[in-house]
Amino acid sequence: MSEPASHLRVRGRPLLREVPGPTERTVVSELIPRKQEERPVNGKTVLLDGLSKSFASRRVLSRLNLEIPAGQLLAIVGRSGCGKSTLLRLIAGLDRPSSGVISVGGAEVKSLQSNVRLLFQDARLLPWHRVISNVGIARTKNWRDSAAAALADVGLADRANDWPAVLSGGQAQRVALARALVSRPGVLLLDEPFGALDALTRMEMHRLLERIWYEHGFTTVLITHDVAEAVALADRVIVLRDGGIALDMPIDLPRPRRGAADTAAVSLQARILDEV
Amino acid sequence: MATRLPQPRSAAALTFLASWALPLGLLVIWEIASRSGLLSMRLLPAPSAVAAAFLESVRNGTLLTNAAISTERALKGLIIGGGIGFALGILAGISRLVEVVFDTSMQMLRNVPHLAIIPLVILWFGIGEEAKIFLVAIGTAFPLYLNTFHGIRTIDVRLIEMARVYGLGRLALFWRVILPGALPSILVGLRFSLGIMWLTLIVAETISSTSGIGYMTMNAREFLQTDVVVLGVIVYALLGKAADTITRLIEARALAWHPAYRMNPTGEAIS
């Protein structure tokens, strides 16, 4: 798997690689490290300015300021109910903030954004559409081709004509990932997307997400309660507590990440856990 | 998927035999009872007599003519009543306003046995075609309304939220999320409607008619032709069964995505 990096992309678009072997154990290879300047920047900068959100009398987020640079993979960690899902829904434009401003790529978020995609905790595939029609759900021009390409990217090219009901949890989540990628979003939001998967599948999904993010270069916000997952994937980890940012820490580890085998990662995890 | 289990032919044949053993056995006992004089031919004719009546009515054309007339009435009533019920169900499902205006009245009316208004219907329409079609329409409207409405209301809101995030407009949301999501429930409604459709028509045709299967049986009763009466009952059963089979085929096609409606290897829908 050590092809020269120049083979990997044609005019800035990642080249799709063939899926080796049976699909059940497919993670389409690991990312191949590149120099920073060779990585594509398709992401959009996300800015939160004095962001607050209250439900009835309960204040969930209070005056949050945060800049997420284009192309960064940010993980937000916190206990359940700390407002991390609320934050994600605000960035997606699903809910409106009580006060403050969100902007994506310089434009204020006032409603649902076409360049922001959200991956839910459950795959939320339409059971009455075949896999490929789920991926091409927006039915844009030539959706079949782009959907097939996105499916190949997540290693599920051969499941295009299956019903979602026959997929495993990990496969369904990969289809959902393909659906999010098909429109080449500037920002990808992930709301604990691997929480319901078993440990092995989750590790596969980590490697898949890391590679795809690395090749596409979109800005990513990953919500998780799993500190190990945050450290394994993110460039930067933020701990959300009592509606504010309790810790903002860069994770400067080489990619591809080695997961639990990395002792540096373990000490970072310990520091984050102190703050959660 | 789609690994078709090679089901042994003998097992399939056995299942088929087992499901028909009871009705066939009853038929044999019935015939024996009639021939031995245990059952009076006046009260209940032997199956062989019914078969003879069947052949005779096919030969002189009365059976097919009457069955065609009954089917036409049934379908006209279903299309009008079921169509109205379906449309109202959809509108009430997607619009709060329509729900507020119609739902209370529909819930109230559905508990009125529609056959109770037969005297009124005869006053309004006489004993013409309209009366029968009107009754069938009233009867079939409610199951389709209720199940369509219920089907739309029980769609997973998370799917609707997902569709919004992925930029589906109102029309796309309806055609790709709401309608397919409500379809299993709508088809249940259709089945109920089909049952009520035949029931209503039998009653309506028996009370006032000059054609149709119901008329055929009532007419036969006047002449004590019990074999024709039994034949009429059997024809109703067969028409009902045919309607049910058609809905099953529709279900198997339209709900192929649904694990519970997957086709089994013999090609017939399970459940």
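**Figure 1. Pairing of strands β5 and β10 in chain A of the predicted model.** β5(A) and β10(A) run parallel and are joined by five bridges. Within this pairing, Val77(A) has Thr224(A) of β10(A) as its bridge partner. β5(A), residues 73-77, also runs parallel to β11(A), residues 236-241, and four bridges join the two. On that side, Ala75(A) stands opposite Val237(A) in β11(A).

**Figure 2. Strand β10 of chain A and its cover.** β10(A) comprises residues 219-224, and six of its six residues are buried. Which residues lie on each side of β10(A)? Thr219(A), Val221(A) and Ile223(A) are on one side, while Thr220(A), Leu222(A) and Thr224(A) are on the other. Both faces of the strand are covered. β10(A) pairs in the parallel sense with β9(A), residues 187-191, over five bridges. One of the residue pairs here is Val187(A) with its bridge partner Thr219(A) in β10(A).

**Figure 3. The six-stranded open sheet of chain A.** The strand order is β8-β9-β10-β5-β11-β12, and the pairing is mixed. At the edges are β8(A), residues 116-119, and β12(A), residues 244-250, each of which pairs on one side only. From one strand to the next, the twist averages 20 degrees. Chain A as a whole has seven helices and 12 strands. Of its 276 residues, 43% count as buried. Among chain A contacts between residues at least 6 apart in sequence, 72% join residues at least 24 apart.

**Figure 4. Arg207 in helix α5 of chain A.** Helix α5(A) spans residues 199-216 and contains Arg207(A). The C-alpha atom of Arg207(A) is separated by 8.0 Å from that of Pro256(A), and the two residues are 49 apart along the chain.

**Figure 5. Ala56 of chain A, a residue with positive phi.** Ala56(A) is not a glycine, yet has a positive phi of about 50 degrees. Ala56(A) sits in the loop between β3(A), residues 46-55, and β4(A), residues 58-68. Ala56(A) counts as exposed because it has 5 C-beta neighbours inside 10 Å, and the limit for exposed is 12 or fewer.

**Figure 6. Leu224 of chain B, a residue with positive phi.** The phi of Leu224(B) is positive, about 55 degrees, although the residue is not a glycine. Leu224(B) is placed in the loop between α9(B), residues 213-222, and α10(B), residues 226-254. With 10 other C-beta atoms within 10 Å, Leu224(B) is exposed.

**Figure 7. Packing of helices α7 and α8 in chain B.** The axes of α7(B), residues 157-165, and α8(B), residues 170-207, come within 11 Å and cross at roughly 170 degrees. α7(B) is therefore roughly antiparallel to α8(B), as angles over 145 degrees count as such. Leu159(B), Ile160(B) and Ala163(B) make the contact from α7(B), and Leu173(B), Val177(B) and Gly181(B) make it from α8(B). By class, these are five nonpolar residues, one polar and no charged.

Figure 8. Residues 133-152 of chain B are 100% helix, and their end C-alpha atoms are 28 Å apart. Residues 173-203 of chain B are also 100% helix, with end C-alpha atoms 42 Å apart. Among contacts in chain B between residues at least 6 apart in sequence, 70% join residues at least 24 apart.

**Figure 9. The contact between chains A and B.** Here 17 residues of chain A are in contact with 13 residues of chain B. On the chain A side, 13 of the residues are nonpolar, one is polar and three are charged.

How values were computed:
Residues numbered from 1 in each chain as written. Chains lettered and ligands numbered in written order. Predicted model: local features only at pLDDT ≥ 70, side-chain atom pairs only at ≥ 80, totals over all residues. Contact = placed C-beta atoms within 7 Å. Nonpolar A, V, L, I, M, F, W, Y, C, P; charged D, E, K, R; others polar. Axes fitted to C-alpha atoms, helices over the stretch in contact; angles between N-to-C directions. Parallel < 35°, antiparallel > 145°, perpendicular 65-115°, else oblique. Buried ≥ 20, exposed ≤ 12 C-beta atoms within 10 Å, placed from the backbone. Pairing = 2+ DSSP bridges.
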